[in-house]
Amino acid sequence: MLFNKYIKGDKYLWAFISLLAIFSFLPVYSASTNLVSTYGGTNTVFSYLLKHTLFLLIGFCILFFTQFIDYKYFYRMSIISMPVVLILLVFTISQGKELDGVNASRWLHIPIINISFQTSNIAGLVLFIYCAKYLAKKNKKNMNLKNSFFTLLFPIFFIIGLIFPANGSTAAIVFISVLILLFIGGYPIIGVIGILSIGVLFASIYIYSVITWGDKIPVNRVYTWKSRIENFLDHGSEENYQIKQSKTAIVLGNKFGRGPGKSVLKAFLPQSSSDFIYAIIIEEYGSLGGIILLFIYILILLRIIIIATKVQNYFCSLLVLSVGFPIINQALINMGIAVGLFPVTGQNLPLISAGGTSMWVTFFSFGIILSVSKEIVYENSNNEILS
């Protein structure tokens, strides 16, 4: 079939990705009315929908071409990409770019073509692949804090340390994902606990430094984190506006929702097309719609685990888990924030929320998984183990 000629890898995963991407048009189109009323100008709902369409098309192009790349190139790419993302992160945090009057040191701005993108998403992906390579090379042998300090710990803390000041939530998610990968990859549990302790220590030192000498530290979002955590713990806080509106939207959705495009709270809920799009989905499609969406992400997780366990190459298994788990982590965190389980962090819902960099990194990650999954067919048909 012509379809099988160009679409490689796990067909179920292709179906789930396409299903979420197609469905995303409905909530993004609906929630974009909030962006029109907020920013006004020449922007219309259709212009935001067209932008989302363009992002998805580029994303599918990334997915399509990545599936043909041999996994061995990802193995080599991890080494070459590390210094590149380090340089990008340094540039990002040093430029102190402001977007719409808000500190946006997490964004790297390219002046000539006037495009901004989040380097933390790219850096996190490169770090995951690098850790998978390290664990596959060591293969559960001779791994401890001492002999892995320069080859593993230093890159981990250097990259996360550059992300943390401007984007604490992303840094925390990347750090947790790395710890999970290390545990799965056979890194000693004492070592994992040691890395966790070092990370908590460094974060505490930074936060204390900001509180003590805040004016002398250029990139400073500690007070923003503090405010969000306090608002999360104090349910009666008047500052907890986003969570209140999100919960109201969920309550209005009831079991079966108000219907597509009929959300009322989209006009009052900030970031309704990105960070809080899950609340809009539940309002319009009900708790049933929210559960079905959660179920699809769980199915994606199961396909990721199946692919990782079926492939015979150890690096491939770790690679699939390293780029797949963070996507599901991000989805669960986004949903958890919408229903009030976590403080506001600004994480998109993968393949659903409007956005550029995060969406493209997600498509690239799925492309890597599909690239590995097609090797399973190769192994089964030829009865040989990948080298």
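Which residues touch the most other members of the largest nonpolar core? They are Tyr 297, Ile 300 and Leu 349, out of 104 residues in that core. By nonpolar core I mean a set of buried Ala, Val, Leu, Ile, Met, Phe, Trp, Tyr and Cys residues joined through side-chain atoms within 4.5 Å. And buried is under 20% relative accessible area, exposed is over 50%, and partly exposed is in between, with a 1.4 Å probe and protein chains only.

Before I go on, a word on the model. It's a predicted one, so local features need pLDDT of at least 70 and side-chain atom pairs count only at pLDDT 80 or more, while totals for chains, interfaces and linings use all residues. Residues are numbered from 1 along each chain as its sequence is written, and side-chain values use heavy atoms, with hydrogens and water left out.

Okay, back to Leu 349. Leaving aside residues up to four places away in sequence, Leu 349 touches Ser 274, Ile 277, Tyr 278, Ile 281, Leu 293, Tyr 297, Ala 331, Asn 334 and Met 335. A contact here is heavy atoms within 4.5 Å.

Now helix α7, residues 149-163. Helices are DSSP runs (H or I, at least four residues), numbered from the N terminus. Among the buried residues of α7 are Leu 152, Pro 155, Phe 157 and Ile 163.

Where is there something greasy on the outside? Look at Ile 176, Ile 180, Phe 183, Ile 184, Ile 189, Ile 190 and Ile 193: they form a nonpolar patch on the surface, with about 650 Å² of accessible area together. For a patch like that, residues need over 30% relative accessible area and no salt bridge, and nonpolar side chains (Val, Leu, Ile, Met, Phe, Trp, Tyr) are joined within 5 Å. The areas are Shrake-Rupley, with a 1.4 Å probe. Helices α8 (168-184) and α9 (189-213) each supply at least two of the patch residues, and α8 gives the most, with four. Phe 183 sits in α8 and counts as exposed because its relative accessibility is 52%.

Over to Ile 122, in helix α6 (residues 119-138). With a relative accessible area of 28%, Ile 122 is partly exposed. Skipping residues up to four places away in sequence, Ile 122 touches Val 85, Phe 117, Thr 357 and Val 361.

Last topic, the charges. How many salt bridges does a search of the whole structure find? Three, where a salt bridge is a side-chain nitrogen of Lys or Arg within 4 Å of a carboxyl oxygen of Asp or Glu.

One joins the side chains of Asp 10 and Arg 303, at 2.5 Å, N to O. Asp 10 is in the loop between α1 (2-6) and α2 (11-23) and Arg 303 is in helix α12 (residues 277-310), so this pair ties together parts 293 residues apart in sequence. Both Asp 10 and Arg 303 are buried.

Another pairs Asp 70 with Lys 72, with the closest N and O atoms 3.9 Å apart. Asp 70 is partly exposed at 26%, and Lys 72 is partly exposed at 30%.

Then there's Arg 258 with Glu 283, at 3.8 Å, N to O. That pair links distant parts of the chain, 25 residues apart: Arg 258 in the loop between α11 (241-253) and α12, Glu 283 in α12. Arg 258 is partly exposed at 35%, whereas Glu 283 is buried at 0% relative accessibility.

Technical notes. Expected span 1.5 Å × (residues − 1). Patch = residues over 30% accessible without salt bridge, like charges linked within 9 Å, V, L, I, M, F, W, Y side chains within 5 Å.
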